[in-house]
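Please read this briefing alongside the sequence and the three-dimensional view.

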Amino acid sequence: MSEYIIKNGHVFDPVQKIKGDKKDIAIKDGKIVEASEVSSSAKSINAKGKTIMAGAMEIHAHVAGPKVNAGRWFRPEDKIFDSHKKPGMTRIEGGKSIPTVFKTGYEYARMGYTFAMEAAMPPLYARHVHEEIHDTPIIDEAALPVFGNNWFILEYLKNREIENTAAYIAWILNQTKGYGVKIVNPGGTEAWAWGLNCLTINDPVPYFEITPAEIVTGLMEANEYLGLPHSVHIHQNDLGNPGNYKVTLDTLRLAEKVKPKNDFGRDQVMHSTHLQFHAYGGESFANIESKAKEVMDYVNSNEAITFDTGNVTLDETTTMTADGPFEHHLCSLNHLKWFNVDVELETAAGIVPYVYSPNVSVNAIQWAIGLELALYAKDPMRCFITTDHPNAGPFTRYPRVMSWLMCAKTRNERLNTFKNADKIIDRTTLAEIDREISLYELAAMTRAGPAKSLGLSKDFGGLKPGMNADIAIYNINPEKLPTKGEDYEKAFSNVAYLFKDGKICVKDGTVVDNGQKKTFWVDVKVNPNKQVRHDVVEKFLKYYSVNEGNYSVPDDYAPHQHIISLDATHA
Amino acid sequence: MKTVTLTVKKEPELYLECETLTPDAFAGKKADEIAKIPAYQGREDTTLGEYFSIAGQAGASAAETQIIINGDCSKMKYIGAKMSAGEMIVNSDTDMYTGGWMTGGKLVVKGNVHSFCGLGMEGGEFIIEGDAGNYLAASYRGDWRGMQGGVLRVKGNAGSDICTFMNGGEVIIEGNVDIHIGTHMEGGKIVVKGNANRRVGGQLVKGEIYVFGNINVMMPGFKHNRDVELEVDGTKAVFAEYLGDLGERHPKRKGETVYGKLYLKK
């Protein structure tokens, strides 16, 4: 395999605490090595006046699977005028908020991303998720199966059976080639099958007589019982509603009850996703206001929590979530089309197109809240930038979100030119914040932080010798930082170079190699569990529309696997 | 105003997608530069010069440019799509998406147009001297934003599903139309001077539909309100006014419910 040495660049790496110093980075056999270890024939790349970071890691996006594809079906207008092929080796890149798998891979790579987590995999349709993941070029991916409304889980946790819950999680991860435990609107999505919802953490789920608080706590305990690389990953109850910050704080406090236990260097027990949608004050959309400060005061004080922002990008997009009742609610607000599906014993999903307009006060307030969360975060290793793609905006807008975070002038220009700017400034605290996120902090928020939260910090998210050679080089000179947000945006949209596994995949914003992407999943060994085996057999006989033998994801659906094996057999 | 004349010299094997055939794309260019403007056939990139002989030159801006197209364009899509100013005269039939998303200027097609023409039109004037196909002045597949503004006139007949999701502007069909007129319409004005078939104004929320001839079968969601004398596109007559679609959600304005209106000439 070829050797490279990247010379004269400014390195930003929170793993080694390097804050823009000039340092040569050497690559050999797909790994980063000491500069002395490469031979004299190593190809030299001059990165003078450029910024070098590890490949960025996406912790939460909806990029593969049945829900994303349903969005593609029912929004043909999302692909309009995208039918022509760009020159070069790439395929046609269609879609704006729900891009094709090819565009997904290319665009992440062009922005310097090398990993993306598909945030919600319905176990029953895991095969579809893996088919799309396999077809997404360049970037490594993994998927989180959803557990928060699964009948097995609800029944076990009703009786506080943590060991059975853990054994079932291990079985699902193995069957679906999943990565961790996702929870979406715990209990609420199951309640939706009864035409109801759970809007606080104490609302009982119909029939199952269990509360969201019990589901979340039980799944956290089971997650730590297994010692999974990632913590539970939660989309909380009452998403998107004014006044929901109290429910958010109640949910976050559940993390105080559980201690992290794993061999992956992960410190949190809960990852709270798209927090922007959960930080609203007020009683109605007429007086909605930001409670980002209150939420962040708590998050800053509890080191057992990581979160991602869910920044609104002010674009036309397609909302899609396993939070079925929320999508029905959203459709009643904007009167656009609505898609709804129930996934048997496991989960549900809804899809509604949505236009975030700078002229609509609620949307502008949402925009401000997303930025406030990141700007109030004291520890950038626990705060990650997302747009909950495509819910708050397409992931292709990350460079713009970064420009708002890194350039106060650009941010304030946007804030002050909203149609109802006075109202937005009054209902949020963004105007009072002058913090600008530094390149070093950004490297923590998009590289080292997500890697640690996902339990991948041994090999990913940094530039230490021995780590995987996933490297992004940007046209940003830290000695002469851009003064305009649009310069940041341009630089972050088009890497000068992207190395994936030590191979150049993007050069000057142009894809030159499809890389060798891998699918990450977690294989946990647990004690044999007769109860869970019995329940699986029974549920497949009684309820499922497929046989158990047709449920699992065969190896040929994920031909390039990176399996994280762990032993959770308890004596 | 300067004129560019295009004459078809080669018929496309499949269909030629010429969304670049607009005064906006031509502005400031000479004939040899216009010949190099990209066009697409299937998955292959080509140029306008490959299919047209080009004479004359464009004006400095779109508004100062007139384009005249001669020859058979019946296998060419997107002619005049997204044009914002200037003038285009097509002495032929055209294929789908002609004049889609126009925001200004004037487009005249001397022959017939295929389906999906004038989609999402926002402004300008689009005149079709022959017949139009289905989905005229409608929204793109899946979209909820149909015609927003401008004037579209068809001198012949139009097909079915015209003006779906129409939000504004004016469409005049001098001949007859088939089924599904103004479905989901939330604004704008449709005038049908001939007869309409069935399902006129299904899920009509707001806006006006005028029919001079007969409607084969009325939708059940319309209620007769009053008779009123009006002047519609130069014709003075008494019209029966119907409110509807009563099965649909209707907005309120100043405490009053706003209905869509269907006028049938008496």
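A:Tyr168 has a relative accessible area of 0% and is therefore buried, a word that stands here for under 20% relative accessible area, with exposed meaning over 50% and partly exposed the range in between (1.4 Å probe, protein chains only). This is a predicted model, in which local features need pLDDT of at least 70 and side-chain atom pairs count only at pLDDT 80 or more, while totals for chains, interfaces and linings use all residues. Residues are numbered from 1 along each chain as its sequence is written, chains are lettered from A and ligands numbered from 1 in the order in which they are written, and side-chain values use heavy atoms, with hydrogens and water left out.

**Aromatic rings**

- A search of the whole structure finds 37 aromatic pairs over all chains, where rings of Phe, Tyr and Trp (its six-membered ring) pair if their centres lie within 6.5 Å, and planes under 30 degrees apart count as stacked, over 60 as edge-to-face and the rest as tilted.
- In one of these pairs, the rings of A:Phe147 and A:Tyr168 have centres 6.4 Å apart and planes at 85°, so the pair is edge-to-face.
- This pair links distant parts of the chain, 21 residues apart, with A:Phe147 in the loop between β10 (140–145) and α4 (151–158) of chain A and A:Tyr168 in helix α5 (residues 162–176) of chain A; helices (H or I, at least four residues) and strands (E, at least two) are DSSP runs, numbered from the N terminus.
- A:Phe147 is likewise buried, because its relative accessible area is 0%.
- The rings of A:Phe152 and A:Tyr168 have their centres 4.2 Å apart and their planes at 15°, so this pair is stacked.
- That pair also links distant parts of the chain, since A:Phe152 is in helix α4 and A:Tyr168 in helix α5 of chain A, 16 residues apart.
- A:Phe152, at 1% relative accessibility, counts as buried.
- One aromatic cluster is formed by A:Phe81 together with B:Tyr78, B:Tyr97, B:Trp101, B:Phe116, B:Tyr135 and B:Tyr140.

**Chain A as a whole**

- Chain A holds 17 helices and 26 strands, and 65% of its 571 residues count as buried.
- Its radius of gyration of 22 Å agrees with the value near 25 Å that a compact globule of 571 residues would have; the radius is taken over C-alpha atoms, and the globule rule is 2.2 Å times the number of residues to the power 0.38.
- Among contacts in chain A between residues at least 6 apart in sequence, 77% join residues at least 24 apart, contact meaning heavy atoms within 4.5 Å.
- In helix α8 (residues 245–253) of chain A, the buried residues include A:Tyr245, A:Val247 and A:Leu249, and what covers the buried residues of α8(A) includes β12 (232–235) and α9 (292–301) of chain A.

**Chain B as a whole**

- Chain B has 2 helices and 21 strands.
- The radius of gyration of chain B is 20 Å, close to the 18 Å that the globule rule gives for 266 residues, so chain B is as compact as a globular protein of that length.
- Of the 266 residues of chain B, 53% count as buried, and the C-alpha trace spans about 60 × 35 × 35 Å along its principal axes.
- B:Thr46, found in strand β4 (residues 44–47) of chain B, counts as buried at 16% relative accessibility.
- Not counting residues up to four places away in sequence, B:Thr46 touches several residues, among them B:Leu16, B:Ile37 and B:Tyr51.

**Backbone features**

- Most residues other than glycine have a negative phi, and most peptide bonds are trans.
- The peptide bond from A:His389 to A:Pro390 is cis, with omega near -5°, and A:Pro390 lies in the loop between β20 (383–384) and α12 (398–406) of chain A.
- A cis peptide bond also joins B:Gly244 and B:Asp245, with omega about -20°.
- A:Lys17 has a positive phi near 60° and counts as exposed at 62% relative accessibility.
- A:Lys177 has a positive phi of about 50° although it is not a glycine, and A:Lys177 is buried, with a relative accessible area of 5%.
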